[in-house]
Amino acid sequence: MGNRMIFVVSDSVGETAELVVKAAISQFRDMNTEIKRIPYVEDIATLNEVIAIAKEQKAIIVFTLVIQELRLHLHKEAEKHNVVIYDIIGPLIEKMANLYDISPSHEPGLVRQLDEDYFKKIEAIEFAVKYDDGRDPRGILRADIVLVGVSRTSKTPLSQYLAHKGIRVANVPLVPEVDPPEELFKVSSEKCFGLKISAEKLNNIRRERLKSLGLNDQAIYANIDRIKTELGHFEAIVEKIGCEVIDVSNKAVEETANIILSIKNKRKHI
């Protein structure tokens, strides 16, 4: 017997329906099946043509049509011509509408907008990794947010947390012996956020960090005088930038992120 034909019809791309069909086909070994995808269906004439071909070839029509007029027409004509159809999304939309007493938009392509949000988030995560810890100062000018602070002020986890919300973040560590990148003084001060921390809190964090690495917690990295020097350098730089400063001494990453987002949203509406 020749190939069995399955038509995948959609008023959008049709990827969802094709994936479902392929999953179903995988359960039938040694069955020769051809999938013909027909995307972006916008008119009844196209549906009539597909129905006629499906009838001739004894094919199944699997579809994701959210435009109600097209769905109803396909159901009606398929029944008239004794063509087998399978509505993937329609019954679920109807059940959700009935259960929650809400009306669907019947607008094709909305799932792709969700996909765009997903890819935006992935791009932001990759951006945060690429421009973490001042690796490439060019990211400062491309970022939506620039975090500035001394070592161990949660710049990296905060960058990742914001990236999962689709925000591109670069972070810059400040060290007295190293001049900050010139890009830091070119970017808008409204994009920059300084992460302030008390000397005592930072001393405890750094000592614990050294212990976890099996190192001496009395090293210069955790020395209180050294820390105060670094924090003095930090204060001078953020004052020069003119950016917002957030005290993260006793704040969780989520709390700091919410403060930053709140400030950004307020500025949008000014």
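1. The sulfur of Cys192 lies 5.5 Å from the closest cysteine sulfur, that of Cys243, which is too far for a bond. A disulfide here is a pair of cysteine sulfur atoms within 2.5 Å, and a search of the whole structure returns 0 of them. Both cysteines are buried: Cys192 has a relative accessible area of 0%, and Cys243 has 11%. Buried denotes under 20% relative accessible area, exposed over 50%, and partly exposed the range in between (1.4 Å probe, protein chains only).

2. On provenance, this is a predicted model, in which local features need pLDDT of at least 70 and side-chain atom pairs count only at pLDDT 80 or more, while totals for chains, interfaces and linings use all residues. Residues are numbered from 1 along each chain as its sequence is written, and side-chain values use heavy atoms, with hydrogens and water left out.

3. Which residues of helix α1 are buried? In α1 (residues 15-25) they are Ala17, Glu18, Val21 and Ile25. Viewed down the axis of α1, these buried residues fall within an arc of 95°, so they line one face of the helix; the arc is that of the directions from the helix axis to the C-beta atoms. An α-helix has 3.6 residues a turn, so residues three or four places apart point the same way. The buried residues of α1 pack against β1 (4-10), β2 (33-38) and β3 (60-64), where contact means heavy atoms within 4.5 Å. Helices (H or I, at least four residues) and strands (E, at least two) are DSSP runs, numbered from the N terminus.

4. The largest nonpolar core contains 37 residues, and those with the most contacts inside it are Ile145, Val146, Leu147, Leu162, Leu184 and Ile260. Such a core is a set of buried Ala, Val, Leu, Ile, Met, Phe, Trp, Tyr and Cys residues joined through side-chain atoms within 4.5 Å. Elements giving two or more residues to this core include β5 (145-149), α7 (155-163), β6 (169-173), β7 (192-196) and α9 (224-241). Of the contributing elements, α9 gives the most, with 6 residues. A second, separate core of 17 residues includes Phe7, Leu65, Leu70 and Val83.

5. Lys191 lies in the loop between β6 and β7 and is partly exposed, at 29% relative accessible area. Leaving aside neighbours within four places in sequence, Lys191 contacts Leu141, Ala143, Asp144, Ile145 and Val146. The C-alpha atoms of Lys191 and Ile140 are separated by 9.4 Å, although the two are 51 residues apart along the chain.
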